[in-house]
Amino acid sequence: MTESSEEPGCDSLVPQTTRVPLPPGLRSRVALGLTAAAARGRFELQVCRECGAVQYPPREACHRCLSVLLDWKLQDGGGELISETMLYHSHAEFFREHLPLRLGMVRLDSGPTAIVYLHRKVPPAPARVKVDTRLDKGGHAVLVAVPGDTTKMADTDMADNGLLQW
Ligand SMILES: [Zn+2]
């Protein structure tokens, strides 16, 4: 017989609270611009004032000309889904509750390529999509793609998966 180092029943003396797992929230300071815009319902990316290149992910200097003059500007989100995958495993507790997760790689018409959550109504790649930002349960911006012919994000039903604030 082995002896436990803990007294039996100690846990019952400690008030139990329900801990709700949140998605990973580590972001760079500059990436908070994406979240600030998403909180206002806008999909904004940095655009270089010198050469016009659109930046993603958010960064301190232009990926093309290294200018630091980057302005947040509204994006229409049009793009092409070029590949996708289904995530069946995650070490993050939050994601484990939402598996499987459909993820895609989208080449935005404005230039950058981004990894996004894919709505289940998005057809297999290659497909036209519309990318927008939403806040996840941790209050950080994430990118989501819906079918390209969707006129309003409200037409979709991503809220029912509990992944995002909607
Ligand atoms: Zn530039």
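Visitor: In which loop does P57 lie?

Guide: In this predicted model, P57 lies in the loop between strand 2 (54-55) and strand 3 (70-74).

Visitor: What is noted about the phi of L66?

Guide: L66 has a positive phi of about 70°, and L66 is not a glycine. Most residues other than glycine have a negative phi. L66 is found in the loop between strand 2 and strand 3.

Visitor: Is V20 buried or exposed, and how do you know?

Guide: V20 has 9 other C-beta atoms within 10 Å; with the limit at 12 or fewer, V20 is therefore exposed. V20 lies in the segment before helix 1. The C-alpha atoms of V20 and E93 are separated by 9.6 Å, and these residues are 73 residues apart along the chain.

Visitor: How do you know that strand 4 and strand 7 pair?

Guide: Pairing needs at least two bridges between the strands. Strand 4 (residues 78-87) and strand 7 (residues 127-136) have four bridges, so they count as paired, in the antiparallel sense. G78 has K130 in strand 7 as its bridge partner.

Visitor: What makes strand 4 and strand 5 a pair?

Guide: Eight bridges join them, against a requirement of at least two, so strand 4 and strand 5 pair; they run antiparallel. The bridge partner of T85 in strand 5 is L103.

Visitor: Which residues have the most contacts inside the largest nonpolar core?

Guide: They are V106, V116, V129, V131, V144 and A145, in a core of 18 residues. Helix 1 (32-39), strand 5, strand 6 (113-118), strand 7 and strand 8 (141-147) each give two or more residues to this core. Strand 8 gives the most, with six residues.

Visitor: Which residues are included in the second, separate core?

Guide: The second core has five residues, among them L45, V47, C62 and L70.

Note on methods
Residues are numbered from 1 along each chain as its sequence is written. This is a predicted model: local features need pLDDT of at least 70, side-chain atom pairs count only at pLDDT 80 or more; totals for chains, interfaces and linings use all residues. A nonpolar core is a set of buried Ala, Val, Leu, Ile, Met, Phe, Trp, Tyr and Cys residues joined through C-beta atoms within 7 Å. A residue is buried if 20 or more other C-beta atoms lie within 10 Å of its own, exposed if 12 or fewer, and partly exposed in between; C-beta atoms are placed from the backbone.
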